[in-house]
Amino acid sequence: MSVLDAKIPQGPLKDKWTKHKNDINVVNPANKRLIDVIVVGTGLAGGAASASLAEMGYSVKAFCFQDSPRRAHSIAAQGGINAAKNYQNDGDSTYRLFYDTVKGGDYRAREANVYRLAEVSANIIDQCVAQGVPFAREYGGLLDNRSFGGVLVSRTFYAKGQTGQQLLLGAYSAMSRQIGKGKIKMYNRHEMLELVIVGGKARGIIARNLVTGEIERHSAHAVVLASGGYGNVFFLSTNAMGSNVTAAWKAHKKGAYFANPCFTQIHPTCIPRSGEYQSKLTLMSESLRNDGRIWVPKKKEDVMAIREGRLSPTDLREEDRDYYLERRYPAFGNLVPRDVASRAAKERCDAGYGVNDTGEAVYLDFGSAIMRYGKEKAMVDGITNPTEDVIRELGEQVVEAKYGNLFQMYEKITDDNPYKTPMKIYPAVHYTMGGIWVDYNLMTTIPGCYAAGEANFSDHGANRLGASALMQGLADGYFVLPYTIGDYLAGDIRTGAIPNDSPEFMEAEKQVRDQIEKLLKNNGSKSVDHFHRRLGKIMWDHVGMARNGEGLKQAIAEIRSLRDEFWKDVRVPGKANGLNPELEKAGRVADFLELGELMALDALHRSESCGGHFREESQTDEGEALRKDDEFAFVSAWEWTGDAGEAKLHKEELTFNDIELKQRSYK
Amino acid sequence: MNLTLKIYRQDGPNAKGRMETYQVADISEHMSFLEMLDVLNEQLVAKGEEPVAFDHDCREGICGMCSLYINGEAHGPDRGVTTCQLHMRKFKDGDTIYIEPWRSKAFPVVKDLVVDRSSFDRIMAAGGFVSVNTSGNTQDANAIPIPKTDADKAFDAATCIGCGACVATCKNASAMLFVSAKVSQLALLPQGKVERTHRVLNMVERMDKEGFGNCTNTGACEVECPKGISLENIARMNREYLKASLTADKD
């Protein structure tokens with residue numbers, strides 16, 4: 001038997017969660033006060049978990065590296081949050097959300113976890129409205145919805161293009177209430193640099209106070225990692241500059257298995273890169289695909305004319321445009337899932353149809369939506385025989401009301417007016433479905449160490465659907481973890497406070513100090529960013545949108561030698577005892593240099609295509625991803641054995657009782 | 001383009017500050033302002049000097065972490081943007097650019113251009129919330145219809161990113177725009193109305209304790225706010241405060 005026990009409750013799918021909640025142990029209120037829980041990260045998952053645990057009575061210590069919990073990168077999520085409310089009466093249900101999510105993830109997620117996610121999704125919306133989250137509403141005062149990729153219903157709740165911000169501020173306000181009561185002790189500008197294990201259980205962390213440089217030992221009865229994803233391994237991504245894998249990676253090296261590291265999401269609609277100096281990429285929300293149509297020219301000569309500035313895209317006739325998503329996927333059209341849309345863009349650009357100087361851009365065009373909305377608005381306003389200009393102006397107003405902040409963001413970055421000329425977009429790294437392996441209770445393979453939100457692997461399989469990350473983060477934080485953690489902590493009511501000066505703590509502290517000293521004394525010749533950029537290029541070229549055996553082997557070799565070079569030649573200026581952003585980056589990049597190799601190894605091992613993981617050797621005649629269910633219907637969970645290249649693979653078999661495995665089709 | 005940068009540097013919270021001069025060359029107009037500072041920092045690292053510390057994270061104008069007083073304006077010369085969204089096309093070759101941290105007693109300098117804004121967190125902890133537990137057992141989200149105009153106004157107030165530009169730009173270092181945005185959001189929604197009296201009293205009291213100045217209605221905060229938070233929120237907060245002062249039960 002595998003060492004991995006997912007602890008999925010028995011019984012019918014739809015009763016599992018209810019039954020489980022009734023079966024697990026609970027801690028009585030008086031004892032909760034005596035139990036400490038550390039939460040690392042204050043995004044949707046961490047913020048929600050901290051607030052909920054504190055409300056329940058636990059003593060919570062929350063950590064974030066930013067200057068306030070409100071800055072966590074969940075704040076940048078734009079489009080929306082899914083919930084099976086069926087307010088639009090379009091046949092939505094818990095089962096349909098569950099089905100869409102498992103199918104969208106290309107059948108590489110755990111059924112029981114996804115069903116639970118769909119089940120609690122409706123509570124999230126109720127909860128957030130009660131907290132004062134200002135979701136978009138219709139004139140009748142009820143909540144509005146829109147559609148996202150990979151589904152045929154409207155179940156996405158939103159607050160303009162700032163849904164993540166509003167949800168995070170909701171979680172932050174719930175945290176603030178508990179901080180004010182002293183139930184959460186908040187550690188801003190603190191970074192977790194080591195997990196401490198005592199007697200086989202996670203009992204605390206070592207954190208660096210980023211302002212004073214002090215190394216601190218924090219003990220607790222359990223540790224929750226809600227530290228987000230690892231997309232920044234690619235250097236350029238839509239993640240925040242500070243987003244990193246360090247907390248998760250340190251836990252991995254202490255015994256937490258890392259699951260499906262090669263499952264990364266390349267988001268189809270981002271602003272293309274413009275130069276070598278670029279520090280990050282900016283997402284244009286998937287919600288834009290509700291109204292924007294994606295195309296490239298049909299003829300190469302038009303492509304050249306556009307690149308050379310001789311032809312404006314708005315002058316190209318309809319019949320000379322290739323709306324390739326509508327052509328290839330008539331059923332879902334521009335709203336195919338992200339992995340499909342990204343690959344289709346890459347296919348056109350690789351074939352030479354990219355519309356900017358780098359050849360890596362396609363159009364996202366609002367021209368027809370503007371005219372359609374304009375005509376509608378003219379009708380409503382009672383304007384008879386409106387001119388084309390009037391229609392366009394009215395249409396632009398409608399589009400501005402829907403997507404105004406996104407259009408403004410685009411214009412500020414590119415200096416192009418997207419109301420007048422189509423946006424240029426290209427896929428970019430956005431989200432990581434892989435993460436720390438967790439069981440049904442969200443516990444990692446280290447007892448007492450939990451992982452929530454993007455940091456874990458559990459719900460999105462090989463591809464996440466739009467507006468599902470916010471759902472999962474809040475579901476884990478508000479409604480799952482606060483219950484399941486009690487089952488474990490019930491065994492700790494007589495333990496008493498955990499001392500933070502045991503040999504295990506001292507040893508972990510020493511490891512942290514040693515690494516910091518090593519980095520500062522290295523005195524090499526190249527900056528941290530220099531190595532990070534090179535790592536990003538290797539990852540993008542070989543472990544990006546399309547992967548093959550040869551390329552992956554090459555990537556592994558290149559990452560290994562880059563890692564050696566980093567430790568020989570990196571230069572980290574400044575001191576340990578004070579604010580030192582270069583030192584922070586250096587520690588993070590050191591971890592990315594190990595993770596990158598594991599990602600390539602995992603991608604090499606999984607010689608099937610599924611979701612965001614596309615192996616060129618495994619595709620259908622039409623160029624679609626070809627899964628191999630008989631060989632690969634499992635979760636790869638990697639165990640650290642002392643070297644990134646020597647990780648040991650464990651498999652968690654995925655069984656599908658309530659869904660039939662089918663080749664995914666969006667045609 | 002080639003630029004001269006005059007940057008405020010301070011080694012630590014208690015150190016004395018100074019202005020330093022740096023040159024950067026071959027800056028592309030497509031770069032963001034922070035990418036230009038990245039170029040400077042790469043140069044400094046290459047020379048073995050300590051790079052300039054500045055706060056930043058999402059680099060897409062939403063996290064509120066970046067700050068910077070650029071040529072005497074919070075978030076620089078462009079309107080409706082944060083520093084990370086400011087692009088170098090707003091400057092020209094040969095320009096001298098002055099870069100300073102936010103200035104306010106309630107935002108002490110941590111290092112160089114980094115300031116401590118935890119006073120904002122403490123104001124939030126004093127009342128910037130609805131007291132509802134996260135049990136999920138609330139009523140259905142559509143049980144209380146909210147007029148679209150109220151929901152929209154609440155949303156507009158709620159888009160505040162807590163960057164502190166309003167404080168930095170105000171001659172009194174007042175935090176009224178920040179505090180009023182949260183007070184307004186929650187006062188406009190039925191869910192927040194129950195606690196409105198105590199909320200506004202507690203948040204204002206905390207704001208005063210943190211050492212922020214008062215509002216004299218110059219409106220500079222509204223001009224510099226990257227999210228266009230309206231001065232109307234301050235008026236609404238003043239109404240809320242007055243009403244609360246007269247009607248609050250003393251307990």
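## A salt bridge between the chains

Let's start with one pair: Arg89(B) and Asp415(A) join their side chains in a salt bridge, with N and O 3.7 Å apart. This is a predicted model, so keep in mind that side-chain atom pairs count only at pLDDT 80 or more. Between chain B and chain A the tally comes to 6 salt bridges, and there are also 43 residue pairs in polar contact, with both residues at pLDDT 80 or more.

Which parts of chain B do the touching? Several elements each put at least two residues on the side facing chain A, among them helix H1 (33-46), helix H2 (118-125), helix H3 (148-158) and helix H5 (176-188) of chain B. Strand E6 (109-111) and strand E7 (114-115) of chain B are on that list too. Sorted by class, this side of chain B holds 33 nonpolar, 21 polar and 18 charged residues.

Interface size is often quoted as the accessible area lost when the parts come together. For chain B and chain A that figure is about 6100 Å², with carbon and sulfur atoms giving 52% of it. On the chain B side, the residues losing the most area to chain A are Glu60(B), Thr134(B) and Phe155(B), which together make up 12% of what that side buries.

In residue terms, the contact brings 72 residues of chain B up against 77 residues of chain A.

## Inside chain B

Chain B is assigned two stretches, domain 1 (3-110) and domain 2 (117-247), and their C-alpha centres sit 29 Å apart. Here 23 residues of domain 1 of chain B touch 20 residues of domain 2 of chain B. Together these domains bury about 1500 Å², 55% of it on carbon and sulfur atoms. Which three residues of domain 1 of chain B supply more of that side's buried area than any other three? They are Trp102(B), Ala106(B) and Phe107(B), at 31%.

## Inside chain A

Chain A gets domain 1 (269-427) and domain 2 (502-631), with 34 Å between their C-alpha centres. The contact uses 11 residues from domain 1 of chain A and 10 residues from domain 2 of chain A. About 840 Å² is buried between them, 51% of it from carbon and sulfur atoms. On the domain 1 side of chain A, Asp339(A), Arg343(A) and Lys346(A) lose the most area to domain 2, together 48% of what that side buries.

How many salt bridges link these two domains of chain A? The count is 1, and Arg328(A) forms a salt bridge with Glu624(A), the closest N and O atoms being 3.2 Å apart. There are also 3 residue pairs in polar contact across this interface, both residues at pLDDT 80 or more. Helix H10 (338-350) and strand E15 (423-432) of chain A each give two or more residues to the domain 1 side, and H10(A) gives the most, with 4 residues. By class, that side has 4 nonpolar, 1 polar and 6 charged residues.

Definitions and conventions:
Residues are numbered from 1 along each chain as its sequence is written. Chains are lettered from A and ligands numbered from 1 in the order in which they are written. This is a predicted model: local features need pLDDT of at least 70, side-chain atom pairs count only at pLDDT 80 or more; totals for chains, interfaces and linings use all residues. Side-chain values use heavy atoms; hydrogens and water are left out. Domain bounds come from an automatic or database domain assignment. Contact means heavy atoms within 4.5 Å. Buried area is the accessible area (1.4 Å probe) that two parts lose on being put together, summed over both. A salt bridge is a side-chain nitrogen of Lys or Arg within 4 Å of a carboxyl oxygen of Asp or Glu. A polar contact is a pair of N or O atoms within 3.5 Å; within protein, one must be able to donate a hydrogen and the other to accept it, and residues adjacent in sequence count only if both atoms are side-chain atoms. Ala, Val, Leu, Ile, Met, Phe, Trp, Tyr, Cys and Pro count as nonpolar, Asp, Glu, Lys and Arg as charged, and the others, Gly among them, as polar.
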